[in-house]
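Subject: Structure for you to look at

Hello,

Please find the structure below, together with some notes on what turned up in it.

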Amino acid sequence: MESRVLSRATTVAHVRRPLRESNGNASCSLLSIKPIGAVSEGGNLIWGRQLRPSLLLEASYPVTARKEILRPVMAAASSPAEGSDSSGDGKVAPVGFFDKYPALVTGFFFFMWYFLNVIFNILNKKIYNYFPYPYFVSVIHLFVGVVYCLVSWAVGLPKRAPIDSNLLKLLIPVAVCHALGHVTSNVSFAAVAVSFTHTIKALEPFFNAAASQFILGQQIPITLWLSLAPVVLGVSMASLTELSFNWTGFISAMISNISFTYRSIYSKKAMTDMDSTNIYAYISIIALIVCIPPAIIFEGPQLIKHGFSDGIAKVGLTKFISDLFWVGMFYHLYNQLATNTLERVAPLTHAVGNVLKRVFVIGFSIVIFGNKISTQTGIGTAVAIAGVATYSYIKAKMEEEKRQGKAA
């Protein structure tokens, strides 16, 4: 249920960076940025899945230049004009907080990413405990996010990027796969324990590797295939003795994995220079339109007959509405934080962080909901997570070596 923006979107071709001049005149230089990798080389940009920054600077530029580009606009805007005073003598602008403590800021992004993701999963499951309508709740997730994006566009944060028919045609398959993966994830969350759904979703790297090998025709090294064996083994062990197991939850989680895999494939074909925030907004709008008809068909009659009244009777109208609003906000915001985190760290760091995030969600869900798990399920979950960690580490190292080879 983690959402991303686009896989390997070609990023903005040039980024402006202010230069200091003693005469006070503004001037700009341009740093070029290049798109990187294929789908199999790092997964999606941000749907919370695999593990790549959306853009990398040319290796020839120093680290300091890269840090300056990643400095938030807020920090740049709040600084005094760089380079001059009324007498014409040059002055050095004070170092902003974001530049002075980059590690602290990155740590904050990780913390908020984890925190919002855990809160979302817990609140989402609590809603399903008294309102078991995953199709409708999926629509609410996207609807709240879309409203958030529309309000952001209205105030110019960010400015809405125009979209043409060609880009729309490219984004529709991505959004359809995103919608299908999102809905089936929610069906699984409603049917089984949160920890079990996340264990099944740990198989996603396996499906990504299979799609890369057999659909895209890209060779996957044997070491990566071997690293996926513990993932398959661990999920199998956990499934055999999972106390909350049912086929609806299991099959839905598997369909979600397949849907997100195809989303990666279509994302590869839909490379664009539009910024990730705008792309995510457009994909959310399309996905919302896709999700509404199934919700009406499968759950509409039940909701009208007794669904809404039963849910409100259990928790009250105010809590019912506030729960749906906040679960949608947490869904949108944790994906946005995942995007921001991706852009601040290296692929290997994010790979490890993504695995730890899943561990946090599984652990907190077991504690909060008091789910009883068998010893074999616990071992299987641990083996699967360890396999994902190994796979992510090997893949990120291979990609880093490949980039270094190209730079040389």
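Is F108 buried, partly exposed or exposed, going by its relative accessibility? F108 counts as partly exposed, at 48% relative accessibility, where buried means under 20% relative accessible area, exposed means over 50% and partly exposed lies in between, with a 1.4 Å probe and protein chains only.

Before going further, please note that this is a predicted model, in which local features need pLDDT of at least 70 and side-chain atom pairs count only at pLDDT 80 or more, while totals for chains, interfaces and linings use all residues. Residues are numbered from 1 along each chain as its sequence is written, and side-chain values use heavy atoms, leaving out hydrogens and water.

F108 belongs to helix 4 (residues 102-130); helices here are DSSP runs of H or I with at least four residues, numbered from the N terminus. The C-alpha atoms of F108 and T341 lie 9.2 Å apart, although 233 residues separate the two along the chain.

The whole structure contains 1 salt bridge, meaning a side-chain nitrogen of Lys or Arg within 4 Å of a carboxyl oxygen of Asp or Glu. It joins the side chains of K319 and D323 at 3.3 Å, N to O, and these residues are about one helical turn apart because they sit 4 residues from each other in helix 12 (residues 317-342). K319 is partly exposed at 40%, whereas D323 is buried at 8%.

Finally, helix 8 (residues 204-214) is largely enclosed by the rest of the structure, since 9 of its 11 residues are buried, among them F207 and N208.

Best wishes

Notes. Helix = DSSP H or I, 4+ residues; strand = E, 2+ residues; numbered from the N terminus.
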